[in-house]
Amino acid sequence: MSVPDESPSASGTPDELGARLTAYEGQAAALACSGKDPVNVAMIRHWCEAMGDTNPAYEGPEAVAPPTMLQAWTMGGLSGHEGRTETFDDLFAQLDEAGCTSIVATDCEQEYLRPLRPGDEVTFDTVIETVSERKTTKLGTGYFITTRTDIRVGADLVGTHRFRVLKYAPARRKERTPRPRRPRPVVNRDNAGFWEGVSRQQLLIQRCADCGTLRHPWLPGCNACGCLDWDTVEASGEGTVHSYVVMHHPPFPAFDPPYAVGLIELAEGVRMVSNVVGVPYDKVRIGLPVRVEFRRYEDGAEGADGDGLVLPVFRVTEGEG
């Protein structure tokens, strides 16, 4: 992936910023902070209701707090905590100045040493545990910063919370390119009449002038009797899904997989391949009733095809599927 010019350091040069950042390892990010509220039954109940946790250990006079609530008792809310150090702010200021202006949380890790009970008042300290070497990700180039928060009740350590973020310089987005055009059907003298009918929103089927056999796709002669003379009938557009596939791969730039491609058996008895629309791709089933729909694709190729491309697709009949 491309790395912005303002990234922490150019490729092949020493990571001077990284060297400065590692000096912050082991320094305090927050000191002598207190939870804004004691551990309490109301918050435990709200948490359990939100998480759908019905463990009886979290109810009644002997209730304990769910261990995964550990961070809830240390959150500063919108007003924050007063114990955050200037060292932590300096670390992030250096990253901002180097172009690492974005941040995303990546993971957390907790260790529980004893249950918290209603009435416990927590205190905590946070240390900058590690700063990684420079990393390049899909988001951009920056540094993973891990902080460790030690949570206590009185002098007892009750739990530890590690939190890791990526502070990074966003990668430059590629310029948007026009969406590729949908492939055009091959029109020749044998099938031109079919596509002329589609342009008029008619679904035309060839009919042998001798034996009356209907055929699709269009052919220069009858495959039943060999007669070269023919005329057309307009199909009703009604049909059923005789078979289908769901296209996932390979991806084609002009299409948005996954999508369903069906072999449609028309009421007149011939079969035709086209997209099945009107229901999610994973709801398409053999035997579903469908009806033809003429869909216009503009395709974004300005001026290339005038009014765009018209194709027959088959929509699942309303109320079915």
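## The three-stranded sheet

An open sheet of three strands runs in the order β8-β7-β9, and its pairing is antiparallel. Strands (E, at least two residues) and helices (H or I, at least four residues) are DSSP runs, numbered from the N terminus, and two strands pair if DSSP finds at least two bridges between them. Because β8 and β9 stand at the edges with a single partner strand each, one side of each has no neighbour in the sheet. Five bridges join β7 and β9 in the antiparallel sense; across this pairing, Gln206 has Thr232 of β9 as its bridge partner.

## Basis of the description

This is a predicted model, in which local features need pLDDT of at least 70 and side-chain atom pairs count only at pLDDT 80 or more, while totals for chains, interfaces and linings use all residues. Residues are numbered from 1 along each chain as its sequence is written, and side-chain values use heavy atoms, with hydrogens and water left out.

Which residues of α4 are buried? They are Phe194, Gly197 and Val198, where buried means under 20% relative accessible area, exposed over 50%, and partly exposed in between (1.4 Å probe, protein chains only). Seen down the axis of α4, these buried residues fall within an arc of 100°, so they line one face of the helix; the arc is that of the directions from the helix axis to the C-beta atoms. In general, an α-helix has 3.6 residues a turn, so residues three or four places apart point the same way.

The buried residues of α4 are covered by elements including β7 (204-208), β12 (271-277), β13 (289-297) and β14 (309-316). Contact means heavy atoms within 4.5 Å. Just after α4, Gln201 takes a positive phi of about 60°.

## Aromatic rings

The whole structure contains six aromatic pairs. Rings of Phe, Tyr and Trp (its six-membered ring) pair if their centres lie within 6.5 Å; planes under 30 degrees apart count as stacked, over 60 as edge-to-face and the rest as tilted. The pair of Phe194 and Trp218 is edge-to-face, because the ring centres are 6.3 Å apart and the planes lie at 65°. This pair links distant parts of the chain: Phe194 is in helix α4 (residues 192-199), whereas Trp218 is in the loop between β8 (214-215) and β9 (230-234), 24 residues apart. Both Phe194 and Trp218 are buried. A stacked pair is formed by Phe255 and Tyr259, with 5.7 Å from centre to centre and 25° between the planes.

Phe194 and Trp218 also belong to one aromatic cluster together with Trp195 and Trp230. Phe255 counts as buried, at 18% relative accessibility, and Tyr259 counts as buried at 16%. Elsewhere, Arg182 lies over the face of Tyr297, at 4.0 Å from the ring centre. A charge sits over a ring if NZ of Lys or CZ of Arg is within 6 Å of the ring centre and within 35 degrees of the ring normal.

## Cysteines

How many disulfides does the whole structure hold? The search finds zero, a disulfide being a pair of cysteine sulfur atoms within 2.5 Å. The sulfur of Cys208 is 3.5 Å from the closest cysteine sulfur, that of Cys225, which is too far for a bond. For Cys33, the closest cysteine sulfur is in Cys108, 19 Å away, again too far for a bond. Cys208 is buried, with a relative accessible area of 3%, and Cys33 counts as buried at 4% relative accessibility.
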